[in-house]
Amino acid sequence: FVAALVELISQQTQGMKAQELSSSLWACARLQVEDPSVLQMLPAIIAQYPGKVGEMVPQALSNSLWASARLKDVVPEVLEIVPTVVAQIPARVKEMIPQHLSNCLRASAQLKTDEPKVLESVPAI
């Protein structure tokens, strides 16, 4: 079942909306231990982020940072999306609820060594 989903999602990332991309990234972070095959779709998801991150709602931005922090040690390429996500946070921070803010801060703490640009969003939070 998961293998079929991985293949299907990998083929359809170009048509995904911003929320669908962030949800897929979040799902990979959540499922990586139970079924590492989900990590196979990350390159396709990551490739679509630069063109969609500007359309992300605050929850998608915070989930993307959280997922990047969870995935960075197994798929370091996920760090490529962090600067584009971080660039959007200052403009959207006033729309964030406490959970989004805490997710961003926690992820920033976990990502700061691997991707120092993440610290650029902290003053806005």
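**Helix packing and core**

Trainee: Which residues have the most contacts inside the largest nonpolar core, and how many residues does that core have?

Mentor: A nonpolar core is a set of buried Ala, Val, Leu, Ile, Met, Phe, Trp, Tyr and Cys residues joined through side-chain atoms within 4.5 Å. Buried means under 20% relative accessible area, exposed over 50%, and partly exposed in between, with a 1.4 Å probe and protein chains only. Those with the most contacts inside the core are Leu 25, Leu 42, Ile 45, Tyr 49, Leu 65, Leu 71 and Leu 111, and the largest core has 38 residues.

Trainee: What kind of model is this?

Mentor: Residues are numbered from 1 along each chain as its sequence is written, and side-chain values use heavy atoms, leaving out hydrogens and water. Local features need pLDDT of at least 70, side-chain atom pairs count only at pLDDT 80 or more, and totals for chains, interfaces and linings use all residues, since the model is predicted.

Trainee: Which helix gives the most to this core?

Mentor: Helices are DSSP runs (H or I, at least four residues), numbered from the N terminus. At least two core residues come from each of α1 (2-12), α2, α3, α4 (58-71), α5 (82-92) and α6 (98-111). With seven residues, the helix that gives the most is α4.

Trainee: At what angle do α2 and α3 pack?

Mentor: Axes are lines fitted to C-alpha atoms, for helices over the stretch in contact, and angles run from 0 to 180 degrees between N-to-C directions. Helix α2 spans residues 18-31 and helix α3 residues 42-52. Their axes are 10 Å apart, and the angle is about 145°.

Trainee: Which residues of α3 make the contact with α2?

Mentor: Contact means heavy atoms within 4.5 Å. From α2 come Ala 18, Leu 21, Ser 22, Ser 24, Leu 25 and Cys 28. On the α3 side they are Leu 42, Ile 45, Gln 48, Tyr 49 and Lys 52.

Trainee: Is Gln 48 buried or exposed?

Mentor: Gln 48 lies in helix α3. Not counting residues up to four places away in sequence, Gln 48 touches Thr 13, Gln 14 and Leu 21. At 19% relative accessibility, Gln 48 counts as buried.

Trainee: How many disulfides does the structure hold?

Mentor: A disulfide is a pair of cysteine sulfur atoms within 2.5 Å. Cys 28 is in no disulfide, and the nearest cysteine sulfur, that of Cys 104, is 19 Å away. Cys 28 is buried, with a relative accessible area of 0%. The number of disulfides is zero.
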